[in-house]
Amino acid sequence: MSSSCPGLSRVLVAVAIALVSASSLCPQAWGPPGVQYGQPGRPMTLCCPGVTAGVPVSWFRDGEPRLLQGPSSGLGHELILAQVDSIDEGTYICRTLDGALGGMVTLQLGYPPTRPTVSCQAADYENFSCTWSPSQVSGLPTRYLTSYRKKMVPGADDQRMSPSTGPWPCPQDPPGAARCVVHGAEFWSQYRINVTEVNPLGASTRLLDVRLQNILRPDPPQGLQVEPVPGYPRRLRASWTYPTSWPRQPHFLLKFRLQYRPAQHPAWSMVEPAGLEEVITDAVAGLPHAVRVSARDFLDAGTWSAWSPEAWGTPSSEPLLEETPAGAQSQTQPEDEPQEDSPAPPRPSLQPDPRRLDHRDPLEQVAVLSSLGIFSFLGLVVGALALGLWSPKPVEDPVDSSTDSTCNCLAGVDGLTEEPTRDSRFPWKGISQLEVLFGSHFYETMCSILPTENAWSSDFMPEQKVH
């Protein structure tokens, strides 16, 4: 029969559990035993923890003889408060009909949870942590449930509940702290963080989507040291190391920024070193200096780290090193020659140089000037030939027998006169166009190069008409 009625057996078990629950003591889910929780301005029901449900009892405030509710109220072991307030908080006592103590219950008021404020940060590219804080103080015992999952591409519904995407619990480290850590995260993946605040009056959830490259914030650099440079009263050498939480690999490096200031000076000066060391060259002689360092991902992912603890250093008080000629040093103090394994740093310049910086090579300047000169000369020659060959033919004047025979070299060329002419554009008598443009020396040179009048062939030159 038992095998033929499995459904009836389950129903009987459920009824038995309900009867046991109804006859049991007041449920206790939060806090120490005998404490019940409520919200100001709301009705509240207290139950006597030491008696069976339905047994009439009398209720009193602890330390007060006044009866709050008698056994004839018909409410059994419960006490109903219409609207609770802060003056209702405290301890209540319930007694049975024979005057025996049934139990004591403490009323504590508070508020339901609100969505917590959550922020996440990655100290390296493999792990990240999330912290949270309540948006409103509830005044009640509060717990936080934390989990995360990998967020998939929109539309991939078949992969949303895949075991490879979670959800997984985000372990709180240490237990009960407002912080959980995700280990072994993927740098280019996106994750959804779930932080749920729970108290005796309810629960509230906050969801946050994060990417490692957006929340990356390294820990501050470590081991910062500031040392003077012997013989240089305005120099300090600062050195530091990577934070231990950052695994140094070629693909994920850090860059740094360094701030320094003299004592009693509020303003900071800042430089961005190229490595793990920086030499400050404008320190104030004789004053201690505060130095601090910050780090960030080399490709500007995330944000700058917090500043490291300040380290202090004072420049050297030794006199400034003077440069000595090599010959005098070898004659007077041969024992002070610098060793090969410890070369002395160059002497710093303490005064500004008024000369402007010129990074051009002198040889390059000479080459540029020579090229410009050659191209200018060629341009003048080409322009002269073009002007002489394609300019309109001037009106010829009668031949002057006193003209130099060397001028006949340009006779017959279109645009060049056979002899010195009087042209409307050149009113000076006896001066040719080329002579006006380039001078007599250039004119004579051209006459010596070009052929004479007899060398011009009628096959190449058109006949000239004399007016």
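**Ground rules.** I am reading a predicted model, where local features need pLDDT of at least 70, side-chain atom pairs count only at pLDDT 80 or more, and totals for chains, interfaces and linings use all residues. Residues are numbered from 1 along each chain as its sequence is written, and side-chain values use heavy atoms, with hydrogens and water left out.

**Ring pairs.** I searched the whole structure and found ten aromatic pairs (rings of Phe, Tyr and Trp, the last by its six-membered ring, with centres within 6.5 Å; planes under 30 degrees apart are stacked, over 60 edge-to-face, the rest tilted).

I looked up Y125 and F252 next: their ring centres are 3.9 Å apart and their planes at 20°, so this pair is stacked. Y125 sits in the loop between β8 (117–121) and β9 (128–133), and F252 in the loop between β16 (236–241) and β17 (254–262), so the pair ties together parts 127 residues apart in sequence (strands are DSSP runs of E, at least two residues, numbered from the N terminus).

Are these two buried or exposed? Y125, at 6% relative accessibility, counts as buried, and F252 counts as buried at 18% (buried means under 20% relative accessible area, exposed over 50%, partly exposed in between, with a 1.4 Å probe and protein chains only).

Then I checked F128 and Y191, whose ring centres are 5.7 Å apart with planes at 45°, so I noted the pair as tilted. F128 is in strand β9 and Y191 in strand β13 (residues 190–199), 63 residues apart. Both F128 and Y191 are buried.

**Cluster.** I also noted one aromatic cluster, formed by Y125, F187, W188, W246 and F252.

Conventions. Helices (H or I, at least four residues) and strands (E, at least two) are DSSP runs, numbered from the N terminus.
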